[in-house]
Amino acid sequence: MAKNHFGGFGGGANMQQLMRQAQKLQEQMAKAQEELDEREYSAQAGGGMVSVTVSGKRELKSLVIKPECVDPDDVEMLQDMILAAVNEALRNAEETRNAEMAKLAPGMGGMF
């Protein structure tokens with residue numbers, strides 16, 4: 001009796017089907033990553049005094065600071081609001097990326 005060289009994977013037809021499925025998954029993941037890179041994520045801090053938008057590629061796209069929050073005697077607070085808004089927008093982008101990729105490859109979402 002001929003021995004199967006693929007362990008429990010079956011013969012050539014099953015291996016070809018597995019390879020096609022893997023290729024399809026890879027194509028779906030590449031498309032999803034491309035779409036996620038094009039998305040934009042926004043966040044605010046300081047009750048809307050600072051607003052930011054980042055791309056799915058983790059690039060800062062816009063920063064809006066309301067003039068009334070600019071206090072030359074308290075630049076540190078403005079810096080904190082900017083950091084908070086940027087970090088929140090980046091977290092939103094990362095969480096969305098992980099959730100979308102986990103839909104394609106359950107159990108692997110944290111790898112993206």
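These legends describe close-up views of a predicted model.

**View 1. The hairpin of strands E2 and E3.** Strand E2 spans residues 50-55 and strand E3 spans 60-65. The two strands pair in the antiparallel sense, over five bridges. Four residues separate them in the hairpin. Across the pair, Thr53 stands opposite Ser62 in E3.

**View 2. Arg58 in the turn of the hairpin.** Arg58 sits in the loop between E2 and E3. Its phi is near 70°, a positive value in a residue other than glycine. Most residues other than glycine have a negative phi. Arg58 is partly exposed, at a relative accessible area of 42%.

**View 3. Ser51 in strand E2.** Ser51 has a relative accessible area of 19%. The cut-off for buried is under 20%, so Ser51 counts as buried. Beyond its neighbours within four places in sequence, Ser51 is in contact with Ala43, Gln44, Ser62, Leu63 and Val64.

**View 4. Helix H2, residues 75-104.** This helix has 30 residues. From first C-alpha to last it reaches 44 Å, close to the 44 Å expected at 1.5 Å a residue.

**View 5. The buried residues of H2.** Leu78, Met81, Ala85, Val86, Ala89, Ala93, Arg97 and Met101 are buried in H2. An α-helix has 3.6 residues a turn, so residues three or four places apart point the same way. The cover over the buried residues of H2 includes helix H1 (12-38) and strand E1 (40-45). Strands E2 and E3 also belong to this cover.

Key:
Residues numbered from 1 in each chain as written. Predicted model: local features only at pLDDT ≥ 70, side-chain atom pairs only at ≥ 80, totals over all residues. Heavy atoms only, no water. Buried < 20%, exposed > 50% of the residue type's maximum accessible area, 1.4 Å probe, protein only. Pairing = 2+ DSSP bridges. Expected span 1.5 Å × (residues − 1). Contact = heavy atoms within 4.5 Å.
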